[in-house]
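Thanks for coming. Please have the sequence and the structure open while I talk.

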Amino acid sequence: MIANDNDRTPPGDEPAGAAADDDPTIDTGSLALPAGPRRGGFELLRVLGDGGFGIVYAARDINLDRRVAVKEYLPSTLATRAPNADVIVAAPSARPHFEAGLRSFVNEARLLARFDHPSLVKVLQYWESNGTAYMVMPLHAARTLRQRLRAGPPPNEAWLRALLWPLLEVLEMMHAEDCLHRDIAPDNILVIDEVKPLLLDFGAARRVVAGLTQSLTVILKPGYAPIEQYAESGTMRQGPWSDIYALCAVMYLAIAGRAPATSVSRAVHDDLVPLGTLGAGRFSPSFLAALDAGLAVRPEARPPSVQALRDRLFGNRPPPTQRSFKVTFRGIEPAAPPPPDEGAA
Ligand SMILES: Nc1ncnc2c1ncn2[C@@H]1O[C@H](COP(=O)(O)OP(=O)(O)O)[C@@H](O)[C@H]1O
Ligand SMILES: [Mg+2]
């Protein structure tokens, strides 16, 4: 979806992709390119995100006259911006790390291009220039789930179920191809039109670059990364259960208002208050129990597959539809009573 002007977001709380295109607030403090110049047929409009490993710009595809998001590979620990806009590697010793990150940036673009699902961001184009690489995506007029949770009323079960279903579909599709996302977090999920989740980046370049040069705490999102992403071992391999942990941790944030403690600290001393306690009375017990199971510290204690998690979360319920959700969503301000508990154990 291209940014549209009909977004229902209240004034003063604009979603990332929806601000005015003539907004001159390019973040000059960062390494971001200035607004305006045409690069590879794209006019950069403003910065949407700058995570230290890449910069995401709102842009206009000049040839097709449509809005897009352009992501530039630029790991700020390894490279900087020359006055001519080229990305230059800071030191010869950083070159192999920069190249490794660049390869994973390309791989991520290829991976995203391989899958087709309405809740997974699409890659429209990829090119290399300026000593770095660029990935073009549709520009979504949407807030991240993190922003949405901060701004809106507390979510209810119907809304979370409506988000979960398509996210589970995306993960199942990826896992079927032996591909893990590994970076599910509230700032990597956009919420479009209040109801449609869109999974963003795999953080692949960040993982590779930081893995070569920095500590694990930089690579992993505290609270969302499962224990096996800190230290993979024979008994603690990464698998579908790793994405399941992260997804359930995102749901924990939504329900509890804070992320769970890091999985490493939980492995030493686990005093995480379960959702079964925190959400009691507001959410059905089986829904909370399924999320708590996905948040087990030990990988083998979690539902092993998306199918297993979905069975626990949804049981025999029909998939949530946009329509049923919208009706429910309007009804949650103030919060709606919890739906009847009809999920599987
Ligand atoms: N296609 C897009 N449409 C709108 N906003 C986007 C899009 N892609 C990314 N963003 C915004 O930019 C931020 C950073 O993008 P992301 O792909 O997660 O990169 P990284 O986390 O590596 O910096 C996101 O959190 C989101 O706010
Ligand atoms: Mg991200």
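I will start with one residue, leucine 295. Leucine 295 has 24 other C-beta atoms within 10 Å, so it counts as buried. Keep in mind that this is a predicted model.

Setting aside neighbours within four places in sequence, leucine 295 has contacts with Tyr245, Cys248, Ala249, Tyr252 and Pro260. The C-alpha atoms of leucine 295 and leucine 247 are 8.8 Å apart, although 48 residues separate the two along the chain.

Now the whole chain. It has 345 residues, and 43% of them count as buried. Its secondary structure amounts to 12 helices and 11 strands. If we take contacts between residues at least 6 apart in sequence, 61% of them join residues at least 24 apart.

Next, helix packing. Two packed helices are described by the angle between their axes and the distance between the axes. Helix 3 runs over residues 157–176, and helix 11 over residues 306–314. Their axes come within 9 Å and cross at roughly 160°. Helix 3 and helix 11 are therefore roughly antiparallel to each other, and the crossing is left-handed. Which residues make the contact? From helix 3 they are Leu164, Leu168, Leu171, Glu172 and His175. From helix 11 they are Val306, Gln307, Leu309, Arg310 and Leu313. Sorted by class, this contact of helix 3 with helix 11 has six nonpolar, two polar and two charged residues.

Helix 3 also meets helix 7, which covers residues 240–256. The axes of helix 3 and helix 7 come within 11 Å, and they cross at roughly 165°. So helix 3 is roughly antiparallel to helix 7. Here the crossing is right-handed. On the helix 3 side the contact uses Leu160, Leu167, Leu171 and His175; on the helix 7 side it uses Pro240, Asp243, Leu247, Met251 and Ala254. By class, the contact of helix 3 with helix 7 has seven nonpolar residues, one polar and one charged. Leu171 and His175 take part in the contact with helix 11 and in the contact with helix 7.

On to a sheet. Strands of a sheet pair through backbone hydrogen bonds, either parallel or antiparallel. The sheet I have in mind is open, with three strands in the order 9-10-11 and antiparallel pairing. Which strands stand at the edges? They are strand 9, residues 143–144, and strand 11, residues 196–199. Each has a single partner strand, so one side of each has no neighbour in the sheet. Strand 10, residues 189–192, pairs with strand 11 over four bridges. Leucine 190 has leucine 198 of strand 11 as its bridge partner.

Last, two loop residues with positive phi. Aspartate 178 is in the loop between helix 3 and strand 10. Its phi is near 60°, and it is not a glycine. Is aspartate 178 buried or exposed? It counts as exposed, because it has 8 C-beta neighbours inside 10 Å. Glutamate 194 is in the loop between strand 10 and strand 11. Its phi is also positive, about 70°, and glutamate 194 is not a glycine either. With 19 C-beta neighbours inside 10 Å, glutamate 194 counts as partly exposed.

That is the end of my part.

Note on methods:
Residues are numbered from 1 along each chain as its sequence is written. Chains are lettered from A and ligands numbered from 1 in the order in which they are written. This is a predicted model: local features need pLDDT of at least 70, side-chain atom pairs count only at pLDDT 80 or more; totals for chains, interfaces and linings use all residues. Axes are lines fitted to C-alpha atoms, for helices over the stretch in contact, and angles run from 0 to 180 degrees between N-to-C directions. Angles under 35 degrees count as roughly parallel, over 145 as roughly antiparallel, 65 to 115 as roughly perpendicular and the rest as oblique. A crossing is left-handed if the near helix is turned anticlockwise from the far one by less than a right angle, and right-handed if clockwise. Two residues are in contact if their C-beta atoms, placed from the backbone, lie within 7 Å. Ala, Val, Leu, Ile, Met, Phe, Trp, Tyr, Cys and Pro count as nonpolar, Asp, Glu, Lys and Arg as charged, and the others, Gly among them, as polar. Two strands pair if DSSP finds at least two bridges between them. A residue is buried if 20 or more other C-beta atoms lie within 10 Å of its own, exposed if 12 or fewer, and partly exposed in between; C-beta atoms are placed from the backbone.
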